[in-house]
Amino acid sequence: MATLLIVAPVFALIAAGYASVLFRFVSEGAHKGISEFAFSIAIPALLFRTIVVSEFPDVSPYRMWGAYYGALALTWIAALLISAIMREKREDREDGVVFAIGSVYGNIVMLGIPLVLSVLGNEAAGPMSLILSVNTPLLWLCGILQMELVSRKGTGSPLAVLRPVLADLVRNPLMLGIGFGVIWRFTGLGLTPVVDKTIELLAQAGSPAALIALGINLFRFQVKGETKSVLVMCALKLLAMPAIAFALAKLLNLPPVASGVIVLFAAMPTGANAYIFAAQYQRLVNPVSGAVALGTLLAAVTLPVVVMLVAGVR
């Protein structure tokens, strides 16, 4: 029952967002405005406040990164190998890169942040920020560099590839929220009651807005294309990656809250950024779209199991 009370409201808000477009209460374009509010204002405020006011467990960032990104790397390699077996044309190695991105790039912002905070509370802010601070730039950088390698384009130097990724990182509101939160925490000044209450009210809107935006956004994703590819991506993302993350968290002896963040983030379904990557290179666009849609639907079944597992080891 406790798990249901945590997970059901999360997916109810996603369903509400989807239904609002389906029944034309809002336009499909409403996703843009709600997403911009959630990810440029509300969630950065949430991250800033939780970092400033929360008590963090003493955990090594290297062990956390080792567990999460170790699971990601092993899943990425497995996805490349499976894609090579499944491909009809052996020269289409670019498909393998996109297949790997679709198998590891989870929706840790729209779905992951609200769910982790619901399950683990503000204690999760520190470990969560460690993952968020490097996830998007690292995945984009690895994806772009591998795509350049396998396609042998040779269009520019590594610095030319790295520069736009770093520029996006510096301007990313989530990174700014985390960065300013860390800086303000180190000043020791805290937050005055008026400022704290103002930011708290703004932060409270972050998770619901993100989930509604996710539901609206799902309306444009369809389960189409290569069924086998869609199912394999979903299996790797929802089953293999969290299982590996759980094993590595145990192996590295991470504390319960950090382990919970690692496993829950690893269990998130494929996110929209994987679709953006596929569309950018025009490779496996339909299968990745299907993995986003079907993965989010299947996560309603797999995530309660993961939440129970995480709650059981706390």
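**Surface, core and salt bridges**

Modeller: The accessible surface of the chain comes to about 14400 Å², of which 68% belongs to carbon and sulfur atoms. Such areas come from the Shrake-Rupley method with a 1.4 Å probe, and for residues only the protein chains shown count as cover. This is a predicted model, in which local features need pLDDT of at least 70 and side-chain atom pairs count only at pLDDT 80 or more, while totals for chains, interfaces and linings use all residues. Residues are numbered from 1 along each chain as its sequence is written, and side-chain values use heavy atoms, with hydrogens and water left out.

Biologist: How many helices and strands does the chain have?

Modeller: There are 14 helices and 0 strands. Both are DSSP runs numbered from the N terminus, helices being H or I with at least four residues and strands E with at least two.

Biologist: What share of the residues is buried?

Modeller: Of the 314 residues in the chain, 50% are buried. Buried means under 20% relative accessible area, exposed means over 50%, and partly exposed lies in between (1.4 Å probe, protein chains only). As for contacts (heavy atoms within 4.5 Å), 87% of those between residues at least 6 apart in sequence join residues at least 24 apart.

Biologist: Which residues touch the most other members of the largest nonpolar core?

Modeller: They are Tyr68, Met128, Leu132, Leu264, Phe265 and Phe277, in a core of 93 residues. Helix α14 (residues 285–313) gives the most to this core, with 11 residues. A nonpolar core here is a set of buried Ala, Val, Leu, Ile, Met, Phe, Trp, Tyr and Cys residues joined through side-chain atoms within 4.5 Å. In soluble globular proteins, nonpolar side chains tend to be buried together.

Biologist: And what does Met128 touch?

Modeller: Leaving aside residues up to four places away in sequence, Met128 touches Leu47, Ile113, Val116, Leu117, Val261 and Phe265.

Biologist: Let us move to α3. What is its span, and what is expected?

Modeller: Helix α3 (residues 61–86) has 26 residues and reaches 36 Å from its first C-alpha to its last, close to the 38 Å expected at 1.5 Å a residue. The expected span is 1.5 Å times one less than the number of residues. Its buried residues include Tyr68, Thr75, Trp76, Ala79 and Ser83. Among the elements that cover the buried residues of α3 are α4 (93–104), α6 (125–151) and α11 (227–251).

Biologist: What are the neighbours that Ser83 touches?

Modeller: Ser83 touches Asp95, Gly96 and Phe99, not counting residues up to four places away in sequence. Ser83 is buried, at 4% relative accessibility.

Biologist: Where is Ser103 found?

Modeller: Ser103 is in helix α4, and its relative accessible area is 0%, so it is buried. With residues up to four places away in sequence excluded, Ser103 touches Thr75, Ala79, Met233, Leu236 and Lys237.

Biologist: Now the charges. How many salt bridges does the whole structure hold?

Modeller: A search finds 5. A salt bridge is a side-chain nitrogen of Lys or Arg within 4 Å of a carboxyl oxygen of Asp or Glu. Arg49 pairs with Asp196, with the closest N and O atoms 2.7 Å apart. Because Arg49 lies in helix α2 and Asp196 in helix α9 (residues 193–204), this pair ties together parts that are 147 residues apart in sequence.

Biologist: Are those two buried or exposed?

Modeller: Arg49 is buried, with a relative accessible area of 15%, and Asp196 is buried at 19%.

Biologist: What about Lys32?

Modeller: Lys32 forms a salt bridge with Glu36, the closest N and O atoms being 2.6 Å apart. The two are 4 residues apart in helix α2 (residues 30–53), so about one helical turn separates them. Lys32 is exposed, at 54% relative accessibility, whereas Glu36 is partly exposed at 41%.

Biologist: Which residues are linked in a network of salt bridges?

Modeller: Glu94, Asp95 and Arg283 are linked in this way. Asp95 is also one of the residues that Ser83 touches.

Biologist: Last topic: which residues form a nonpolar patch on the surface?

Modeller: Tyr18, Leu22, Phe23, Phe25 and Val26 form one, with about 520 Å² of accessible area together. Patches are made of residues with over 30% relative accessible area and no salt bridge; like charges are joined within 9 Å, and nonpolar side chains (Val, Leu, Ile, Met, Phe, Trp, Tyr) within 5 Å. Leu22 lies in helix α1 (residues 2–22) and is partly exposed, with a relative accessible area of 45%.
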